[in-house]
Amino acid sequence: MASERLPWICKDPASQRLFELAERVAPVPATVLITGERGAGKDYLARLIHELGPRRDTPYIKIECESLPPPLLESELFGHERGAFPGAAERKPGRFELDAKSTIVLDEVAALAASTQARLLRVMEERVFERLGGKEHLRVEARIIALTNADLATAVKEGRFREDLYYRLDLVKIWMPPLRERRADILALAEHLLAGIGATHGRPKIRLSEVAKGVLEKYRWPGNVRELRDTLKEAVICGQGETLEAEHLPAHMRAILDGNRPEAGARSLEDVEREAIEATLKATRNQIGRSAKILGISRKTLLEKRKKYGWV
Ligand SMILES: Nc1ncnc2c1ncn2[C@@H]1O[C@H](COP(=O)(O)OP(=O)(O)OP(=O)(O)O)[C@@H](O)[C@H]1O
Ligand SMILES: [Mg+2]
């Protein structure tokens with residue numbers, strides 16, 4: 001199962017379902033929200049939806065909502081009129097105007113400032129917008145896909161995200177399970193990625209040893225597919241020969257092989273902390289105050305740790 005252009009590796013039933021979902025939502029113009037951990041493949045899935053749909057021959061436009069200051073981001077999306085703000089010497093159309101036939105992907109939508117959220121809500125509800133400083137109503141025809149690894153429901157509870165916009169975005173939502181919850185994908189993805197990496201680094205015949213496969217299959221992959229790709233890349237660059245052995249993998253991954261040794265249960269404090277926080281947030285359904293109380297840390301510390309472990 002693969003689109004013509006983008007290979008979608010889906011050995012696991014969970015990712016087969018994702019592919020089927022992508023096929024179903026691709027032809028309709030509805031806004032889609034894709035959530036999931038960092039590196040899980042949200043961007044990749046958005047690209048697949050774009051390529052399976054009628055806009056496949058138009059550019060795939062990804063806007064990093066986190067990295068642009070709100071006025072610049074709004075100008076990028078909606079455009080501006082001459083004199084809209086100091087330095088706006090000319091009228092400039094935005095992405096919604098220039099790329100009306102395309103797919104516009106809003107990456108890390110949870111990071112949008114209140115003013116941008118308000119403008120986006122209008123786009124969702126009425127399909128219209130104005131250039132900054134302008135009065136002319138322009139129609140939105142682009143397809144919007146929003147991505148986030150934050151829990152938007154929590155962001156709403158904490159007053160950081162508009163509830164009305166959340167409900168709009170939540171209508172067609174796709175959750176990408178982390179790699180550790182679609183174990184059957186690990187080796188299939190590893191082999192696919194390794195073939196590409198090997199080819200670019202002059203080792204086209206490189207294969208995984210059986211022991212290395214065992215390590216990859218058992219590891220937890222907190223950084224998901226991106227961590228898998230980066231791990232393989234490093235192993236290919238640092239090793240030689242036609243086999244990628246377990247020794248070429250980082251020590252903390254190889255530690256999995258020590259399963260029968262006395263230090264088998266040994267884990268870093270950071271791992272213990274991450275697992276404790278993850279389990280508590282899950283048990284309280286992401287209630288920050290309650291989780292902080294159970295963990296015996298302040299709300300502030302919990303929010304910082306959530307960020308550190310890449311859950312926001
Ligand atoms: N099913 C897949 N098949 C092949 N490559 C994949 C697949 N899923 C993800 N990848 C690759 O894994 C890497 C991470 O994926 P992607 O950038 O889509 O993650 P993300 O969820 O958007 O992460 P972040 O939240 O950090 O932006 C990319 O290099 C992507 O090409
Ligand atoms: Mg991404």
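Predicted model: local features only at pLDDT ≥ 70, side-chain atom pairs only at ≥ 80, totals over all residues.
The secondary structure of the protein comprises 14 helices and 11 strands.

## Overall organisation

The chain is divided into domain 1 (13–177), domain 2 (180–265) and domain 3 (269–308). Taken over C-alpha atoms, the centres of domain 2 and domain 3 are separated by 30 Å. Along the principal axes, the C-alpha atoms of the protein fill a box of roughly 70 × 50 × 40 Å. Of the 312 residues in the protein, 46% are buried. Among contacts between residues at least 6 apart in sequence, 69% join residues at least 24 apart.

## Helix packing

Two packed helices are described by the angle between their axes and the distance between the axes.

| Helix pair | Axis distance | Axis angle | Handedness of crossing |
|---|---|---|---|
| α1 (residues 13–25) and α2 (residues 42–52) | within 8 Å | roughly 45 degrees | right-handed |
| α3 (residues 70–78) and α5 (residues 114–126) | 10 Å | about 20 degrees | left-handed |
| α8 (residues 184–200) and α10 (residues 224–238) | within 10 Å | roughly 45 degrees | right-handed |

The axes of α1 and α2 cross at roughly 45 degrees, and the two helices are therefore oblique to each other. On the α1 side, the contact is made by L18, F19, A22, E23 and V25, and on the α2 side by L45, L48, I49 and L52. The residues of this contact divide into eight nonpolar, no polar and one charged.

Helices α3 and α5 pack at an angle of about 20 degrees, with their axes 10 Å apart. That angle makes α3 roughly parallel to α5. Where the two helices meet, α3 contributes P70, L73, E74, L77 and F78, while α5 contributes S115, T116, R119, L120 and V123. Six nonpolar, two polar and two charged residues make up this contact.

The axes of α8 and α10 come within 10 Å and cross at roughly 45 degrees. Helices α8 and α10 are therefore oblique to each other. From α8, the residues in contact are I186, L189, A190, L193, L194, I197 and G198, and from α10 they are V225, L228, R229, L232, K233 and V236. By class, the residues of the contact of α8 with α10 comprise 10 nonpolar, one polar and two charged.

## Two strand residues

L33 is placed in strand β1 (residues 32–36). Its relative accessibility is 1%, so L33 counts as buried. Leaving aside neighbours within four places in sequence, L33 is in contact with V109, A146, T148, L152, L169, D170, V172, K173 and I174. L33 and L6 are 27 residues apart in sequence, and their C-alpha atoms are 20 Å apart in space.

V128 lies in strand β6 (residues 128–129). V128 is buried, with a relative accessible area of 12%. When neighbours within four places in sequence are left aside, the contacts of V128 are R122, V123, L138, R139 and V140. Among these, V123 is also one of the α5 residues that meet α3. The C-alpha atoms of V128 and L106 are separated by 17 Å, the two residues being 22 residues apart along the chain.

## Positive phi in two loops

Most residues other than glycine have a negative phi. W221 has a positive phi of about 50 degrees although it is not a glycine. W221 lies in the loop between α9 (210–218) and α10, the latter being the helix whose axis crosses that of α8.

R285 is likewise a residue other than glycine with a positive phi, near 50 degrees. R285 is found in the loop between α12 (269–283) and α13 (288–295).

Which of the terms buried or exposed applies to W221, and which to R285? W221 is buried, with a relative accessible area of 0%, whereas R285 is exposed, with a relative accessible area of 71%.

Methods
Residues numbered from 1 in each chain as written. Chains lettered and ligands numbered in written order. Heavy atoms only, no water. Axes fitted to C-alpha atoms, helices over the stretch in contact; angles between N-to-C directions. Helix = DSSP H or I, 4+ residues; strand = E, 2+ residues; numbered from the N terminus. Parallel < 35°, antiparallel > 145°, perpendicular 65-115°, else oblique. Left-handed = near helix turned anticlockwise from the far one by under 90°. Contact = heavy atoms within 4.5 Å. Nonpolar A, V, L, I, M, F, W, Y, C, P; charged D, E, K, R; others polar. Domains from an automatic or database assignment. Buried < 20%, exposed > 50% of the residue type's maximum accessible area, 1.4 Å probe, protein only.
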